[in-house]
Structures are given as structure tokens and as C-alpha cells.
Amino acid sequence: MNDPTSLSGGDRAPDAASTLPAIAAASADAGPPRTTFADLGLSEPVLRAVADAGYLHPTPIQEQAIPVVLMGRDVLGCAQTGTGKTASFTLPMLDIMQSGRARARMPRALILEPTRELAAQVADNFVKYAKYLRFDYALIIGGESMADQIARLNRGVDVLIATPGRLIDLFERGGLLLTDVRVLVIDEADRMLDMGFIPDVERIVSLLPRMRQTLFFSATMPPEIKRLADAFLHNPRQITVAPPASVAPTVAQHLVVVREHDKREALRRLLRSEDVKNALVFCNRKRDVGVLHRSLLRHGFNAGMLHGDMPQPKRTETLERFKAEEIKILVCSDVAARGIDIGGLSHVFNFDVPMHAEDYVHRIGRTGRAGLSGRAFTLATVEDDEALAAIEKLIGRPIPRIQVEGLDPVSLDVLERRERTDRRRRRSPARPADASERPGRRPRERRPAEPAGKEPRAQGRTEPRIGASDHERGAEDKVVGFGGTVPDFMRLPTRRPTRSGR
Ligand code: AMP
């Protein structure tokens, strides 16, 4: 958890046990003076804990949010995980909470998180930053003993860190009063939306006092989220730190197009040929997480799995073992792995092309942090053409294609093929439409994929092999699939993939 990340702006001391003078010295050396945590108005015990964590400078979200939160204003933060956003609200909250004590079953602050893992991670942050303060928190998440949680609440806690479902359960059983909550944090709001938690969140907010400070964070701001923010926030300071579509340049991206039945073999070959220190392997569906995990174990890989249907103690144990590097490969679903902070992750594999383009950015953003290089591989079949087009549109460039040695190459030109077909159809509208075509729907390419070589290839579209030398790899990263130009079809509006089947 205390690992360096791709925090643009935030730095860490080489040794995590650095002190405040070390931070001051580092800033003095670094040419133009840079903001320090002390400049932001945080108290001395919090600054000491930050120094112990080894942070030299605040990240942009911290620099902008901390003074605003300390002033008591609402914040609307558009920031993804990995930007240091957790500290941007936990640090000032600790200072705000220093005056006053919590009463039994009446927390003074509430943090809502979409998943148990994220909630646990925020709790770890409080432990880390509150080490020089008297401060109590309770983690209210499903899958763990409610009796223990009630007992903790009865002792009086300053901050509740909760997932919405369990919080409502506890409230309905009378284990909790929310009338003392003065600070509310809604974290990862867009993920709450994806997971169907918004009605629960609205209900919870309706139970809170109207006079409160609200901090609202979301990686993306679709209209539904904006509407919620408008309803919950009062004159917020809007802070946007990184465009949601950005992928760190330290992540080398690769796309492998394979036949559906070759996907597992392709993954195994990649896992063997790459220098994998630790890897997340994402599947779109929970049941596929289990299937792939079993398959990897059968083939002798050191793998674990993480998905939302697993019992919480098992989820926690698996994550701890992965972080301790006892498990090398973690097969996971988006929801379970969302926002999980794993240090120095070397690889991310998308066993499935994510159905939402933003998830691609989130997934591969787990690697290539803190200036370390990371490698991301996406396995796609020709059926993934629409989802891929949406991803490439979002990230603004094609993902470099590669081939896995020993596997039948599949034509990577499916997108261009479809475009050519569309163009032909546009030119001869009298031609009867394909039987599979429905009004208002873009025709889908149904032809089986051709082996590479049968199709004439655009210049510069040679796919380097995995297992190729670093020199070849260097060249491969320059291949941008379409010879560096964005073809017209990529500018066409794409149909948004449906959310079913996740
Ligand atoms: P978050 O975006 O909150 O998930 O934070 C990601 C990681 O960045 C965590 O491991 C934090 O410990 C770390 N971090 C937070 N703030 C800083 C900072 N100012 N400098 C260096 N690392 C930081």
C-alpha cells in the first residue's frame, strides 16, 4: 500500500522514513520552490505522519483540495485512483475532526466507497495518517460480522468508512444514527453508478443533516453523476486533475488478436515469455475469473483470484497474499480490483477487452506508476471490434498490435475491413442489406477472420512477435496500427456497448 505511484507532482523520499526537514531540504534543492504539505495548512501531527509516509510534495489533487477542505467548502473532484486522492480528503478530515469527540453510534464523518477493498484501503490510510492523533474509525462492509461492527459503533467512532448496502442494513437495525455527520465523502461515484448503488447513496444522503460538508469524487463525470453532484453539493470547488482518458506514457500497451479458443494459450505464452514480477489479469465476468484461475493453476502458474462473489475473508486474504508477493498472478473482475493500490505492478493483462472504454484506462493504469515501466497486454477476438474502436477513440491512438509466437495469426484488419464494407455499402445503397442487419444498427462483420497475409496490409502494420528481442520491441512500440494516422472510421460515432453481462 505504501508504494510509489504515478503521482504526477507527488514525490516520495527514497526512504519512507524521511522527516519534515528532509522534505524542506529536497524542496530547496529542486530549483523553483514547490509546495510542501506544510504550506497547505495541515496540523503538525498530520504533517509528521505524512513525512513518515515518505511523501515529499503534495500531488495536484492534494495541493488543490486540502486547503479547500480545511476551509469547510464542498469539493467536486474529478480524479482517478493513483492521483493521491485518498490523502486529499483523509488528511484534512483528520484535522477537521480533531476538535470534538464522537458519541456512541453517532459518527461525525462518513465515507462511502463502492467496494469492500476500497473501503479497507481508505481505513488503512486513516491508520497511517492518524498515527499521532487520537482517532477512531469503523469499517462497515458486507461479508464481516455485523455484531463486531455494532460493538465498535457503540464505543463511539469519529469516521465511518462504509459500503452503501451494509450501512443501510445497520441503520435499519437501529445500530446507527447519522444525525451527527458533519463531513460526507462520496468516493468513486461513477463506480457506484455502475454497480447500481445510487439509490442507496441517495437514501443515505437523505438521512444526513443538511448542514454538512460534502466531498464528492469520481473518475469520470457522465451526466448522471453531474446531476447527483448538483443535488448533493453546495457551491463546490471543482477540481479536475487528470483527464480520465489519459494513460501514463510509462505503460507499454499491446494488443493481441486471437481466436476465442486460443485466448488461454495466448495468455500462458505471454506469461511465460514476459518477465512478470506480478500481474493482474482482468476478465469481464465473474464466472470467467474462476474458470481462468483454475486453468492457470492446472498449468502450474502461481495464481489467485478475486471477484465480488467470494467471501470477504477470502478476498482480504488473497489480496494480502498478492501484495506480499506470495501470489504472482491475480485473476480478477473490475469491481473487485477497482482502485486497489498495488506497488510496482509489472504487468496488466486484459483477458477480455473491457466493455467500457474507461475501464481499459483504469485497468492498465495499475502498472507503470511512479515512473516505473509497466506492460499491458489486451487479448481480443474479432468480435471485440466495436469495444476496441471505443477504447482507441478514448485514448486517442491505436493500441500497437503484436502476435504471439506459435499461435495462428488472426487478421488485425477487421476494423478496416468493416470500414471498407461500410464504404462499399454507402456507395451502392440499392444493394440489399445483409440479412443480419437491423435498421439503425451498424452492420457487423461476420466473416471468419482471415489469417494474416491473405489480406493486403497497410504499410507499417507488421505485428511484432512476442518473444522478440528488446530491439524489435522498441520498434514495435512505434507501430501505431494505422501508420500513425487516424482513419476516418475511428471518428465515426460508436455505438456504446451495453452493460449487460458484466
Ligand atoms: P490514491 O490515488 O489515493 O489511491 O493514492 C495512490 C498512492 O499514492 C498510495 O499508495 C499513496 O500512499 C500514494 N501517495 C499519496 N500521496 C502521495 C504523495 N504526495 N507523494 C507520494 N505518494 C503519495
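Close-up 1. With a relative accessibility of 8%, C78 counts as buried (buried means under 20% relative accessible area, exposed over 50% and partly exposed in between, with a 1.4 Å probe and protein chains only). This is a predicted model, in which local features need pLDDT of at least 70, side-chain atom pairs count only at pLDDT 80 or more, and totals for chains, interfaces and linings use all residues. Residues are numbered from 1 along each chain as its sequence is written, and side-chain values use heavy atoms, leaving out hydrogens and water. In strand 3 (residues 75-78), L76 and C78 point one way while V75 and G77 point the other, and all are buried. Helices (H or I, at least four residues) and strands (E, at least two) are DSSP runs, numbered from the N terminus.

**Close-up 2. The neighbours of strand 3.** Strand 3 pairs with strand 8 (residues 213-218) in the parallel sense, over four bridges; two strands pair if DSSP finds at least two bridges between them. Here C78 has S218 as its bridge partner. Strand 9 (residues 237-240) also runs parallel to strand 3, joined by four bridges, and its R237 stands opposite V75.

**Close-up 3. C283, a cysteine without a bond.** The structure holds zero disulfides, a disulfide being a pair of cysteine sulfur atoms within 2.5 Å. The closest cysteine sulfur to that of C283 is in C332, 7.7 Å away, which is too far for a bond. C283 is buried, at 0% relative accessible area.

**Close-up 4. The buried side of helix 9.** I198, V201, I204 and V205 are buried in helix 9 (residues 198-206). Seen down the helix 9 axis, the buried residues fall within an arc of 120°, so they line one face; the arc is that of the directions from the helix axis to the C-beta atoms. The face turned away from this buried side carries exposed P199 and S206.
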